[in-house]
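Please look through the sequence and the model below before reading on.

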Amino acid sequence: MPAQPTHEIIEGLSRPQPSISPKYFYDSKGSRLFEQITRLPEYYPTRTEQAILARHAAEIARRVGPGRIVIEPGAGNCEKARVLCRAIGASRYVAVDISAEFLTEAAQRLRDEMPQLQVHAVGGDLTQEIVLPEDLPRAHRLVYYPGSSIGNFDRPQALDVLVRMRRLIDHDGALLIGVDLRKEVSVLEPAYDDAAGVTAAFNLNALDHVNRLVGSDFHLHQWRHRAFFNHEASRIEMHLEAKTDVDVHWPGGGRHFAPGERIHTESSYKYDIEGFAHLLHAAGFHHSVAWTDERRWFAVVLATP
Ligand code: AVJ
């Protein structure tokens with residue numbers, strides 16, 4: 001999180017098209033809700049990606065080779081890395097996350113479980129420069145970016161993030177990245193608007209988090225969760241929509257929302273494999289291999305310079 005989240009949040013809320021960055025979903029309650037989302041019947045990405053990784057683990061391991069230094073931006077609970085590091089016989093693992101405390105605990109658990117793996121925890125995120133441990137060798141690195149987190153960024157931002165990843169590795173490095181693919185709206189929309197209302201709670205929780213960060217007075221019951229596929233932009237959009245006239249105050253200001261007015265909280269871009277390979281190419285990853293599931297809902301891509 002930046003040093004001054006208050007500024008960024010108020011600026012976003014004050015625009016004609018108000019928005020809150022999706023990074024504000026992830027306070028401790030939001031992180032718990034997200035873990036619940038990954039287990040929902042409608043939310044296919046997590047389990048589809050895991051199935052692809054499990055199915056092709058041997059081939060991935062063969063292609064990347066043993067002794068890799070795995071760097072994972074947005075590592076969170078380090079769950080996914082444990083599986084990968086085992087499968088490929090990694091030598092070191094560098095977990096990077098904005099929530100440094102959460103990360104330190106997760107890193108310690110991983111050390112206890114895999115004593116042969118050297119584990120480092122680093123605070124930071126991909127929209128800024130990541131500062132890696134000084135003694136970390138440059139050779140034989142593998143950047144791991146699962147979960148289709150790249151989908152949160154629009155094209156120029158996604159390109160920028162991929163360029164930053166490219167700079168983390170040398171010519172012998174690689175990127176293993178999960179990408180959610182374009183598919184029928186009847187599958188996409190329920191994944192972001194589930195029957196149990198977990199995604200709605202996750203979206204609304206951003207208002208609670210914002211209240212705590214900026215001292216605003218959003219009342220959650222005045223807002224409803226909206227999620228729909230924007231075909232032109234090829235992205236799921238999540239919004240919070242005012243149910244009635246809403247007046248929100250924060251120190252030094254505030255704003256009025258008319259009934260039906262929306263705060264944009266997240267975009268989740270859906271790619272096709274060819275388009276994503278293009279983006280990778282533009283970022284300096286000139287070779288890529290993609291694995292996908294039978295329904296072609298999700299892709300795991302190994303990209304190299
Ligand atoms: C963590 C960004 C991959 O876009 O699917 C899930 C976040 N938002 N349900 C996604 C999310 C609502 C998720 N990413």
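Two residues are in contact here if their C-beta atoms, placed from the backbone, lie within 7 Å. By that rule, and not counting residues up to four places away in sequence, Arg166 touches Ala283, Gly284 and Phe285. The model is a predicted one. Arg166 belongs to helix 7, which covers residues 155-168. Is Arg166 buried, exposed or partly exposed? It has 17 C-beta neighbours inside 10 Å, and a residue counts as buried at 20 or more and as exposed at 12 or fewer, so Arg166 is partly exposed.

Because five of the five residues of strand 4 (residues 141-145) are buried, the strand is largely enclosed by the rest of the structure.

Strand 4 also has paired strands. Strand 1 (residues 69-73) runs parallel to strand 4 and is joined to it by three bridges; Val143 of strand 4 is the bridge partner of Ile71. Strand 5 (residues 174-180) pairs with strand 4 in the parallel sense too, over four bridges. There, Ala174 of strand 5 is the bridge partner of Leu142.

At the scale of the whole chain, the domain assignment gives domain 1 (6-39 + 185-269) and domain 2 (44-183 + 270-304). Their C-alpha centres lie 27 Å apart. Where they meet, eleven residues of domain 1 are in contact with nine residues of domain 2. On the domain 1 side, helix 8 (185-191) and strand 10 (262-269) are the elements that give two or more residues, and strand 10 has the largest share, with four residues. By class, that side has five nonpolar, four polar and two charged residues.

The ligand has residues from both domains around it: its shell draws at least three from each of domain 1 and domain 2. Among the surrounding residues are Ile37, Pro45, Ser148, Asn152, Tyr192, Thr199 and Glu266. The shell divides into three nonpolar, seven polar and one charged residue.

From the record, an unreviewed UniProt entry places the feature "domain: Histidine-specific methyltransferase SAM-dependent" at residues 7-304. Over residues 7-304 the chain is 37% helix and 26% strand.

Definitions and conventions:
Residues are numbered from 1 along each chain as its sequence is written. This is a predicted model: local features need pLDDT of at least 70, side-chain atom pairs count only at pLDDT 80 or more; totals for chains, interfaces and linings use all residues. A residue is near a molecule or strand if its C-beta atom, placed from the backbone, lies within 6 Å of it. Ala, Val, Leu, Ile, Met, Phe, Trp, Tyr, Cys and Pro count as nonpolar, Asp, Glu, Lys and Arg as charged, and the others, Gly among them, as polar. Domain bounds come from an automatic or database domain assignment. UniProt positions are given in the numbering used here, feature names are shortened, and annotations may be inferred rather than shown by experiment. Two strands pair if DSSP finds at least two bridges between them.
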